[in-house]
Amino acid sequence: MKRPTIADIARRAGVTKAAVSFALNGQPGVSESTRGRIMQIAEELGWQPNSAARALSDGRSGVFGLVIDRPASTLGVEPFFMQLISGMQAELSREHIALLFTMAQGPTAEAELYREWWAQRRVDGVFLVDLQINDSRVPLLEDLGLPTVVVGSPRGSGSLPAVWTDDGRSAEMVVEYLVGLGHRRLARVTGMAHYWHTKIRTDAFAAVARRHGVSATFVEADYTSEHGAEATRELLRAPEPPTAILYDNDVMALAGLTVVQRAGLRVPADVSIVAWEDSALCELVHPSLTALHRDIPAHGAQAARQLIALTRHVRLIDLRDPSPVLVRRASTTAVDT
């Protein structure tokens, strides 16, 4: 089926293409009755604006970009990003803004994408995720002038506005809970150490553990089930293995649960397990997993609203979401003394 054009609308309405353009773009030059008739015909024909032509006329593409530099295997099983994207898309669709989502292989490829998108007017703004320590993307996006909202900590975001969750407070909450149950040997299977959110969580976890005089062990992983399982095996091989483990996402926590049970240990009697992100997966396993719960789609929607405002030249400040809630389930218990 041929895509309807301005010429088709003009022919049906019996007016010039210029009159149709004025009407569709909300510009003066046509009467209100003519404008109304043109808009009705455009709707009947199913006409949609050409984003490339609009970009040439007013500099807007009607598209926001999101680049993720993580293993594809992670995105296939980890609910976090899918929930985040769903929240973004739900908000953007209300404004008729599309989301251009792609994956990059390394920081150089990601930086090149930003340059191309901005030079070609492919996007009006981007979301920056997985903020890194000394992140080279921040000064690049600042220099380009590409409107950007960081989904992550403002500590490393430079002049870019951030939508964030207090990861430090969340880590403190988990340690306080586990110490309150009598645990003295704590461990955390972390995400990649070069991420700001990993550093913030680790620093807070270690500080609270020191304050309570309990041990804290950290093993780095990459959010996949394979790395989560291997990190758990490493922890269990220690002369004094931990009695409680916090995993930086639900996928690794599920893998850790399997490893602990296959080692002949009981969850939670021998090892308590906590997942950083809550999901349906945490409730479907046995025992169900204690987890930090937050509204991830709402987090994505908030980031989308911030970027929409930014592209409309609204002055923004960093926006902190409500702190996660620790949902206590069957995978944690008091230490048997």
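The largest cavity in this predicted model has a volume of about 320 Å³. What counts as a cavity here? On a 1 Å grid over the protein atoms alone, it is a set of points where a 1.4 Å probe fits but cannot get out. The volume is the space filled by probe spheres set on the points, with grid points joined across faces, edges and corners. Rolling a probe the size of a water molecule over the atoms shows where empty space is left.

Lining residues have an atom within 4 Å of a point. The largest cavity has 24 of them, and the closest to its centre are Phe80, Val151, His197, Arg201 and Arg294. Helix H6 (79–94), strand S5 (162–164) and helix H10 (196–212) are the elements that each give two or more residues to this lining. Helices (H or I, at least four residues) and strands (E, at least two) are DSSP runs, numbered from the N terminus.

A search of the whole structure turns up 2 cavities of 30 Å³ or more.

| Cavity | Volume | Lining by class |
|---|---|---|
| Largest | about 320 Å³ | 10 nonpolar, 6 polar and 8 charged residues |

A word on the ground rules: residues are numbered from 1 along each chain as its sequence is written, and side-chain values use heavy atoms, leaving out hydrogens and water. As the model is predicted, local features need pLDDT of at least 70 and side-chain atom pairs count only at pLDDT 80 or more, while totals for chains, interfaces and linings use all residues.

Now zoom out. The protein chain has 14 helices and 12 strands, and its C-alpha atoms fill a box of roughly 85 × 40 × 30 Å, taken along the principal axes. Of its 337 residues, 51% are buried (under 20% relative accessible area, with exposed over 50% and partly exposed in between, using a 1.4 Å probe and protein chains only).

Is Trp117 buried or exposed? Trp117, in helix H7 (residues 107–119), is buried because its relative accessible area is 3%. Met103, in strand S2 (residues 98–103), is partly exposed, at 31%.

Key. 1 Å grid on protein atoms, 1.4 Å probe; cavity = no way out; pocket = protein on both sides within 12 Å on 5 of 7 lines; lining within 4 Å. Nonpolar A, V, L, I, M, F, W, Y, C, P; charged D, E, K, R; others polar.
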